[in-house]
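Subject: Structure handover

Hello,

Here is the structure for your files. My notes are below it.

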Amino acid sequence: RSQPRTPAITMANNISARVTAGELGQFVGKTVRVVGRVAQVNGTDLHLQDAQGTTIIVAHDGAPQHTEGTVEAVGTVQADLRVKHMMSTRFAEGFDLAMYEEAVQQMRRFPELYPVAAQ
């Protein structure tokens, strides 16, 4: 007798792959997860900086909920490489962005172990 399969975590029926700022162009129109330190809030745009210092702009419909610290944002990558905000989470102080980016790269290196990340 087979075990029931656990469904993949989805957001709006789309798999949300973890990506770095440099990979956004490969995910236009797709739902992604990005992580960075809040560098600036400009109106409804949240500017996150990744471990390399590259800025990721997360476009909100209203004022961003998280305005400091390290944030994970889930959203759809737009043609201009902004991430259209769906939801976000603030991470604890001391979160290691360099280690996170290394983990994302390992997910790409071993897609058979991380099928959601390889989407």
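This is a predicted model: local features need pLDDT of at least 70, side-chain atom pairs count only at pLDDT 80 or more; totals for chains, interfaces and linings use all residues.

Residues are numbered from 1 along each chain as its sequence is written, and side-chain values use heavy atoms, with hydrogens and water left out.

Overall: the protein chain has eight strands and one helix, in the order β-β-β-β-β-β-β-β-α. Helices (H or I, at least four residues) and strands (E, at least two) are DSSP runs, numbered from the N terminus. Of its 119 residues, 36% are buried (under 20% relative accessible area, 1.4 Å probe, protein chains only).

Strands: S8 (residues 83-91) runs parallel to S6 (residues 55-59), joined by two bridges; two strands pair if DSSP finds at least two bridges between them. Ala59 is opposite Lys84 in S8. With S7 (residues 70-77), S8 pairs antiparallel over eight bridges, and Val77 is opposite Val83. S7 and S8 make a hairpin with five residues between them, and Leu81 in the turn has a positive phi of about 70°.

Glu101: this residue sits in helix H1 (residues 97-109). Glu101 is buried without a salt bridge (a side-chain nitrogen of Lys or Arg within 4 Å of a carboxyl oxygen of Asp or Glu). The nearest side chain of opposite charge is Arg37, 8.8 Å away; Lys and Arg count as positive, Asp and Glu as negative, and His and the chain ends are not counted. Neighbours within four places in sequence aside, Glu101 is in contact (heavy atoms within 4.5 Å) with Thr20, Asp50, Ala51 and Gln52.

Regards

Methods. Buried means under 20% relative accessible area, exposed over 50%, partly exposed in between (1.4 Å probe, protein chains only).
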